[in-house]
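Here is a short report on one protein chain. Keep the 3D view open while reading.

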Amino acid sequence: RLVQNELCDMAQLKSGSIIFGVSSFRGRYLLPKILKRFYEKYPNIRVDIVEANSMALEDKIVDGSLDLAIVALPLTKITHEVEFLKKDEIVIVANREHPVMKYAHKKEGFPDCWVNLKDTAEFEYILSDYDTILGSISRQQFKKAGIKVKSHNTNITADMGAAMAREGLGLAFTYRSCAETYKDAVYLSIGTQGVFLDLALVYPYTNYRPKAAAALGQAIKEFMTEDLA
């Protein structure tokens, strides 16, 4: 594959392919717009998408089966430098009529509210699995707050959990960047300061970076920069 990429580079990005990794949940919101812009500039470069959670994507970067990926930090196996993209907030998604709203506080200068995690302990949660970033961080937050969480669904995808929470079937976690606008949905910051993670662009550890992969990485960074503006 390395020789193939070098030959494509000699053709000045007129052909080639990229294997790109992204989580299904985040990719659903970000990737279509990014790829549309990328294909307008590089119509003959094929992007093959691998969907997996950040932990699995890290493994695939390490074994060289991906050309680049968007992952959530911190990483556990990659020690080489990664490219920071943006901070993303982890928020609680709920139905507007859910009783948790009696504990919601207005956040000065922001349209959304915040809630003390301890005040949500009496309510049912819909959680992602332990091997996902949302599943892992949410459980860390419960432990930090001294909460024993109530949940009958503990292996739900983030997308399904958010959809169920919007219908009032419990509380779930989602990313601010993936928060869809629905009439009956609200997104609550966790505490007054919120809970955030860093997103990064990561390439395999190699002295050679294919121009096509670098071009897609640049398109992603430009999109993220505009999204922050």
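The report moves from the whole chain to single elements and residues.

## Overall build

This is a predicted model. The chain holds six helices and eleven strands. Its radius of gyration is 19 Å, close to the 17 Å that the globule rule gives for 229 residues, so the chain is as compact as a globular protein of that length. The C-alpha trace spans about 60 × 30 × 25 Å along its principal axes.

Of the 229 residues, 49% count as buried. Take the contacts with a separation of 6 or more: residues 24 or more positions apart account for 76% of them.

## Helix H3

H3 covers residues 54–62, and its buried residues are Ser 54, Leu 57, Glu 58 and Ile 61. These residues cover an arc of only 105 degrees around the axis, which puts them on the same side of H3. An α-helix has 3.6 residues a turn, so residues three or four places apart point the same way.

What do the buried residues of H3 pack against? The partners are strands E1 (16–22), E2 (45–51), E3 (68–72) and E11 (195–202), together with helix H4.

Both ends of H3 have a local feature to inspect. At the start, a side-chain oxygen of Asn 53 comes to within 3.0 Å of the backbone nitrogen of Met 55. After the helix comes Gly 64, with a positive phi near 80 degrees.

Strand E7 (residues 124–126) pairs with strand E8 (residues 150–153). The pairing is parallel and runs over two bridges. Glu 124 stands opposite Lys 150 in E8.

Helix H4 spans residues 133–145. With E7 and E8, H4 makes a right-handed β-α-β unit.

Arg 26 sits in helix H2 (residues 24–41). Is Arg 26 buried or exposed? Its relative accessible area is 3%, under the 20% cut-off, so Arg 26 is buried. Beyond its neighbours within four places in sequence, Arg 26 contacts Ile 70, Asp 88, Tyr 175, Ser 177, Cys 178, Leu 197 and Leu 199.

Ala 165 lies in helix H5 (residues 158–166). Ala 165 is buried, with a relative accessible area of 0%. Not counting residues up to four places away in sequence, Ala 165 touches Val 93, Ala 94, Asn 95, Ile 126, Gly 170, Leu 171 and Ala 172. His 98 is 67 residues from Ala 165 along the chain, and their C-alpha atoms are separated by 9.2 Å.

Conventions:
Residues are numbered from 1 along each chain as its sequence is written. This is a predicted model: local features need pLDDT of at least 70, side-chain atom pairs count only at pLDDT 80 or more; totals for chains, interfaces and linings use all residues. Side-chain values use heavy atoms; hydrogens and water are left out. Helices (H or I, at least four residues) and strands (E, at least two) are DSSP runs, numbered from the N terminus. Buried means under 20% relative accessible area, exposed over 50%, partly exposed in between (1.4 Å probe, protein chains only). Contact means heavy atoms within 4.5 Å. Two strands pair if DSSP finds at least two bridges between them. A crossover is right-handed if, with the strands pointing away from the viewer, the path from the first strand over the helix to the second runs clockwise. The arc is that of the directions from the helix axis to the C-beta atoms. A polar contact is a pair of N or O atoms within 3.5 Å; within protein, one must be able to donate a hydrogen and the other to accept it, and residues adjacent in sequence count only if both atoms are side-chain atoms. The radius of gyration is taken over C-alpha atoms; the globule rule is 2.2 Å times the number of residues to the power 0.38.
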